[in-house]
Amino acid sequence: MSIQYLKRGKPETQRSDDDAKVRLSVEATLADVTARGDDAVRELSAKFDNYTPASFRLSEQEIEALLAKVAKRDLDDIKFAQEQVRGFAQAQRDSMHDIEVETRPGVILGHRNIPVQSVGCYVPGGKFPMVASAHMSVVTASVAGVPRIMAATPPFKGQRNPAVIAAMHLGGAHEIYVLGGIQAVGAMAIGTQTIDPVHMIVGPGNAFVAEAKRQLFGRVGIDLLAGPTETMLVADDTVDAELCATDLIGQAEHGYNSPAVLVTTSRALAEATMAGIDELLKILPTAETASASWRDYGEVILCDTHEEMLKVANDLASEHVQIMTDRDDWYLANMHSYGALFLGPRTNVANGDKVIGTNHTLPTKMAGRYTGGLWVGKFLKTHSYQKITTDAAAAEIGAYCSRLSLLEGFVGHAEQANVRVRRYGGRNIGYGQPAE
């Protein structure tokens with residue numbers, strides 16, 4: 001097996017965003033929000049976003065006024081994207097069924113899929129107005145039937161962004177706040193004098209938002225801890241360097257620390273792709289960000305076989321994995337660790353980010369080894385229930401429960417079973433004795 005790196009990114013030991021400083025900053029900020037509520041939120045918004053409205057929550061009139069500022073073409077495009085997201089989320093929801101089975105005569109077991117009762121959807125927007133993130137969280141929560149959906153987004157360059165607000169409103173948000181960063185996540189999770197807390201926080205964000213979610217997990221539920229965007233191309237000589245270079249550098253513009261990796265069996269493709277990226281960075285408007293990301297986090301890995309490429313792809317478990325080979329379906333059947341797959345040269349990661357219908361909030365930093373991304377099921381809690389309908393079943397199950405409880409030393413548990421064996425089975429069992 002021969003796997004060769006033609007380009008490497010920074011060593012993992014150098015890839016820290018100074019996590020300790022982020023952690024301490026978030027701890028202090030959340031403590032401040034807990035202690036001072038609205039006053040802390042207002043001061044933080046003024047400090048970081050230069051934004052201090054009379055109310056962070058938008059009124060219906062303010063929402064309508066902002067919608068009126070969005071061009072019809074843009075509104076139509078937002079609606080089209082949300083139709084795709086809603087349609088796929090609804091198909092996923094329809095696949096999830098409540099069940100009820102009779103496992104033994106008179107013993108009925110079941111489960112119900114119940115929506116989380118309140119969700120806070122964070123939509124990033126400080127650097128780029130992330131219109132699509134509203135589709136992914138708000139629309140999906142709406143399809144799940146969440147009865148209270150709060151959406152928060154930071155001001156864009158100190159102003160409310162009409163397109164993001166439109167996407168939140170059209171997606172089904174019940175409350176919309178122009179509020180960003182740690183203060184938004186903290187206010188939604190902890191609550192303030194004017195903001196009722198929610199049961200779950202979802203949505204991507206920067207390192208501070210991710211750390212706030214991590215620290216608040218347990219107090220509220222979260223979707224996942226999403227880090228910087230990652231993209232990987234798995235390609236052979238059936239595809240050309242123009243597509244590969246465009247797709248890699250297109251995702252690198254997300255941020256200065258967004259890994260972009262090419263895994264290929266073709267040295268010619270690898271070298272042409274690297275040359276193509278150099279040329280694209282001369283004309284890309286976001287080259288300042290993309291070039292730093294490619295310089296520090298870009299990698300090109302040359303393999304001998306498809307089996308080697310599969311192993312590399314599964315080991316790295318990238319957020320986005322784009323497959324462009326002569327055997328795309330083979331990869332679909334054999335890939336097991338990733339955020340989302342994009343199969344064939346006709347598709348691309350930007351489709352998934354913006355419009356095609358699958359969710360773009362996905363696991364990063366190898367979390368695809370143990371979890372998938374945000375989907376309608378994340379907003380549903382599967383709760384079991386049990387019911388015994390006959391005396392005979394109560395006595396039968398009770399006798400087993402009595403003996404198994406005493407096997408573990410739980411007399412009180414055993415008596416819960418014994419009292420029913422006596423009552424419904426007509427058997428005389430001494431207190432704390434096993435039901436024979």
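**Around Val119**

A: Leaving out neighbours within four places in sequence, Val119 touches Val146, Arg148, Ile149, Met150, Val198, Met200, Val202 and Phe379. Bear in mind that this is a predicted model. Zooming out, Val119 belongs to the largest nonpolar core, which has 67 residues. Val119 is listed there among the residues with the most contacts inside the core, along with Ile165, Met168, Leu179 and Phe379. As for who supplies the core, helix H5 (residues 131-144) gives the largest share, with 8 residues. There's also a second, separate core of 21 residues, and Ala245, Ile277, Ala287 and Ala290 are among its members.

Now for the rings. A search of the whole structure turns up 2 aromatic pairs. One is Tyr51 with Phe56, a tilted pair at 6.2 Å centre to centre with 50° between the planes. Tyr51 is buried, with a relative accessible area of 8%, and Phe56 is buried too, at 8%. The other is Trp330 with Tyr331, an edge-to-face pair at 4.9 Å centre to centre and 85° between the planes. Here Trp330 is partly exposed, at 28% relative accessible area, while Tyr331 is buried at 0%.

Two arginines also sit over tyrosine rings: Arg8 lies over the face of Tyr5, 3.7 Å from the ring centre, and Arg403 lies over the face of Tyr400, at 5.1 Å from the ring centre.

Technical notes. Residues are numbered from 1 along each chain as its sequence is written. This is a predicted model: local features need pLDDT of at least 70, side-chain atom pairs count only at pLDDT 80 or more; totals for chains, interfaces and linings use all residues. Side-chain values use heavy atoms; hydrogens and water are left out. Rings of Phe, Tyr and Trp (its six-membered ring) pair if their centres lie within 6.5 Å; planes under 30 degrees apart count as stacked, over 60 as edge-to-face and the rest as tilted. Buried means under 20% relative accessible area, exposed over 50%, partly exposed in between (1.4 Å probe, protein chains only). A charge sits over a ring if NZ of Lys or CZ of Arg is within 6 Å of the ring centre and within 35 degrees of the ring normal. A nonpolar core is a set of buried Ala, Val, Leu, Ile, Met, Phe, Trp, Tyr and Cys residues joined through side-chain atoms within 4.5 Å. Helices (H or I, at least four residues) and strands (E, at least two) are DSSP runs, numbered from the N terminus. Contact means heavy atoms within 4.5 Å.
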